[in-house]
Amino acid sequence: MATNTPSQDTEGENYDSIPARYLGVQTRKKLALWLNPARVAGTNWEDLADEMGFEYIEIENFKMKSSPMYDVLHVWSLKENTTVGQLIQMLKSIERFDVLDEIQSSLAKDISKYRERSSSPMPVQVPEVSTGNYPNLPTTSELHGITLQDDPEGVHKELFDAYVCYCKQDRDFVIQMVERLESSQSGPSGRRLKLCIDDRDLLPGTAYLTVTAELIENRCKRMVVVLSPEFLDSPECDFQTKYAMSLSPGAKKQRLIPVMYKQIEVPQLLRFVTVIDYVKEELKSWFWVRLSKALSRP
């Protein structure tokens with residue numbers, strides 16, 4: 001397995017503080033291009049997945065994907081405390097220095113965008129939200145090229161079945177949700193569901209609240225709200241929930257799907273919306289089927 005030895009750039013700067021979820025689409029595509037091919041000599045994506053800690057059965061399932069390396073990166077980068085430095089160290093461990101050379105320029109751009117975003121203060125939370133031209137939100141020059149699979153020119157926008165609103169303390173549950181609902185067997189109609197996960201799908205360097213408002217309103221059919229004590233303390237989750245509610249007053253479009261992940265009193269705003277309960281053990285056997293069907297509706 002990979003060590004915790006810090007990985008540094010040519011100027012000696014530590015990459016272990018940079019979350020892996022900020023890897024951009026070009027870097028991920030290059031990694032897939034170089035590591036997807038079957039072993040002839042040397043190592044490939046399977047060896048990297050093993051270094052990342054995936055078990056044998058998980059790697060066997062990744063083999064069924066059209067781009068195993070891309071999917072491995074998606075899942076791994078969602079995990080708690082995964083960093084760019086760890087990825088660099090693992091590539092060294094499997095002796096793929098050629099891949100490190102290939103991703104050097106795109107990785108430098110990812111790091112630059114991350115640092116730019118990290119140095120910008122989070123906009124002040126507002127008590128109410130209106131849908132007209134995103135008032136009270138920071139502006140961004142373009143609302144295309146904001147997710148990993150977006151066409152940078154804006155011709156084709158990436159669409160999702162649902163945006164998942166959650167706080168970082170509940171990320172492990174969201175990873176489980178991705179594994180359950182995005183598998184080929186999840187949808188009742190046999191169609192794979194596609195979730196929008198901030199940590200996985202959003203490109204860094206954009207105005208966060210503006211981008212999430214665009215995704216909730218125009219790119220995602222529904223929004224899953226992961227309820228927990230930490231959710232109640234999150235200004236970002238508060239904003240996203242209020243924004244989604246403003247798009248569907250009275251839940252007429254069944255746009256919001258609250259999920260009770262940890263026991264709390266349901267917020268006043270959501271008390272007239274049916275909540276799917278994950279807390280009670282006797283209800284868990286029905287949980288994933290109910291959520292999958294709710295997200296599969298047209």
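I started at the end of H5, where Glu95 follows the helix with a positive phi, near 60°. Helices here are DSSP runs of H or I of at least four residues, strands are runs of E of at least two, and both are numbered from the N terminus. I noted that the model is predicted, so local features need pLDDT of at least 70 and side-chain atom pairs count only at pLDDT 80 or more, while totals for chains, interfaces and linings use all residues. Residues are numbered from 1 along each chain as its sequence is written, and side-chain values use heavy atoms, with hydrogens and water left out.

**Around H5**

Glu95 is not a glycine, yet its phi is positive. I placed Glu95 in the loop between H5 and H6. Its relative accessibility is 61%, so Glu95 counts as exposed. The cut-offs: buried is under 20% relative accessible area, exposed is over 50%, and partly exposed is in between, with a 1.4 Å probe and protein chains only.

I then looked up Asn81, in the loop between H4 and H5. Asn81 is another residue other than glycine with a positive phi, near 65°. Asn81 is exposed, at a relative accessible area of 59%. For context, most residues other than glycine have a negative phi.

How many residues of helix H5 are buried? Seven of the ten in H5 (residues 84–93) are, so the helix is largely enclosed by the rest of the structure. I listed the buried ones as Val84, Gly85, Leu87, Ile88, Gln89, Met90 and Leu91.

**H1 against H4**

Next I checked helix H1 (residues 25–35) and helix H4 (residues 68–78). Their axes come within 8 Å and cross at roughly 130°. Axes are lines fitted to C-alpha atoms, for helices over the stretch in contact, and angles run from 0 to 180 degrees between N-to-C directions.

From H1, the contact uses Val25, Arg28, Lys29, Leu31, Ala32 and Leu35. From H4, it uses Met69, Tyr70, Leu73, His74 and Ser77. Contact means heavy atoms within 4.5 Å. I sorted these residues into seven nonpolar, two polar and two charged. Nonpolar covers Ala, Val, Leu, Ile, Met, Phe, Trp, Tyr, Cys and Pro; charged covers Asp, Glu, Lys and Arg; the others, Gly among them, are polar.

**Asp150**

I found Asp150 in the loop between helix H6 (97–118) and strand E1 (160–165). Asp150 counts as buried at 7% relative accessibility. What does its side chain reach? I noted the backbone nitrogen of Ile146 at 2.9 Å and that of Glu158 at 2.7 Å.

**Cysteines**

I looked for disulfides, defined as pairs of cysteine sulfur atoms within 2.5 Å. The count is zero. Cys165 is in no disulfide, and the nearest cysteine sulfur, in Cys237, is 3.8 Å away. Cys165 is buried, at 0% relative accessibility. The sulfur of Cys196 lies 4.6 Å from its closest cysteine sulfur, in Cys220, which is too far for a bond. Cys196 is also buried, with a relative accessible area of 0%.

**Whole chain**

The chain has twelve helices and five strands. Of its 298 residues, 50% count as buried. Among contacts between residues at least 6 apart in sequence, 70% join residues at least 24 apart.

Note on methods: Polar contact = N/O pair within 3.5 Å; in protein donor to acceptor, adjacent residues only side chain to side chain.
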